[in-house]
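Hi,

Here is the structure I promised to pass on.

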Amino acid sequence: MTNDPNWNLPDVPSFDLSSPDFTDGGQLPDWARGSDVGGEDRSPALTWSGAPEGTQSFVLTVYDPDAPTGSGFWHWTLSDVPASVTSLDRGAGTDDALLPEGATRRRNEYGTDTFLGAAPPAGHGPHRYVFTLSALAVPTLEVPVDVTPAVVGFMFREHLLGRAQLTGLQETPAA
């Protein structure tokens with residue numbers, strides 16, 4: 001796959017991640033687009049099952065490997081999601097009341113800790129938004145709250161037990 005977001009990550013068992021708001025490889029809802037392109041910056045609902053035995057927490061990332069930056073674009077990072085949690089409500093990316101107790105929002109590419117909706121450049125073609133849920137063998141990830149998503153990923157590598165992924169598409173037509 002071009003710009004494979006997993007190309008340099010360890011091989012680990014997979015488990016199931018789904019959404020009532022979009023199908024894997026399908027179009028993200030318009031409300032999941034960025035507010036600067038007519039959306040609401042609202043994260044979709046997610047549900048998962050089959051995490052590996054020994055899972056103590058999860059990290060969720062949302063990444064656009066097709067962004068024309070040379071390094072992709074991180075839209076959201078959420079860590080320390082307790083192992084007992086099996087879903088996130090729609091809008092949890094911006095509403096603290098919808099987050100599971102103990103979960104910690106981390107930085108995105110803009111330096112904020114909220115979900116940034118899909119906003120590919122006009123005429124750039126469809127972009128993939130890869131929702132990755134990583135199962136970890138530790139209850140919390142010991143990193144400063146303001147580190148980048150890339151550092152979060154680097155720091156959880158040694159604790160990684162499994163990975164679930166779901167990809168949504170979005171495109172901004174040429175003007």
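**What I found**

Let's start with Asp-80, which counts as buried because its relative accessibility is 9% (buried means under 20% relative accessible area, exposed over 50%, partly exposed in between, with a 1.4 Å probe and protein chains only). Before going on, a word on provenance: this is a predicted model, so local features need pLDDT of at least 70 and side-chain atom pairs count only at pLDDT 80 or more, while totals for chains, interfaces and linings use all residues. Residues are numbered from 1 along each chain as its sequence is written, and side-chain values use heavy atoms, with hydrogens and water left out.

Back to Asp-80: its phi is positive, near 60 degrees, though the residue is not a glycine. Asp-80 sits in strand S5 (strands are DSSP runs of E with at least two residues, helices are runs of H or I with at least four, and both are numbered from the N terminus). Asp-41 is another non-glycine with a positive phi, about 50 degrees. You'll find Asp-41 in the loop between strand S2 (26-27) and S3, and Asp-41 is buried too, at 16% relative accessible area.

Now for the sheet. Three strands make an open, antiparallel one in the order S1-S3-S6 (two strands pair if DSSP finds at least two bridges between them). S1 and S6 are the edge strands, each pairing on one side only. S1 (residues 16-18) is joined to S3 by three bridges, with Asp-16 partnering Ser-49 and Ser-18 opposite Thr-47. On to S6 (residues 87-88): two bridges link S6 to S3, and Thr-47 stands opposite Ser-87. In a regular strand the side chains alternate between the two faces of the sheet. In S3 (residues 46-49), Leu-46 and Trp-48 are on the covered face, Thr-47 and Ser-49 on the uncovered one.

Last, helix H1 (residues 149-156), where Phe-154 lies. Which residues of H1 are buried? They are Pro-149, Val-152, Gly-153 and Phe-156. These cover an arc of only 95 degrees around the axis, so they are on the same side of H1 (the arc is that of the directions from the helix axis to the C-beta atoms). The buried residues of H1 pack against strands S4 (57-64), S5 (73-82), S7 (104-106), S8 (127-136) and S9 (160-170), where contact means heavy atoms within 4.5 Å. Phe-154, by contrast, counts as exposed, at 60% relative accessibility.

Cheers
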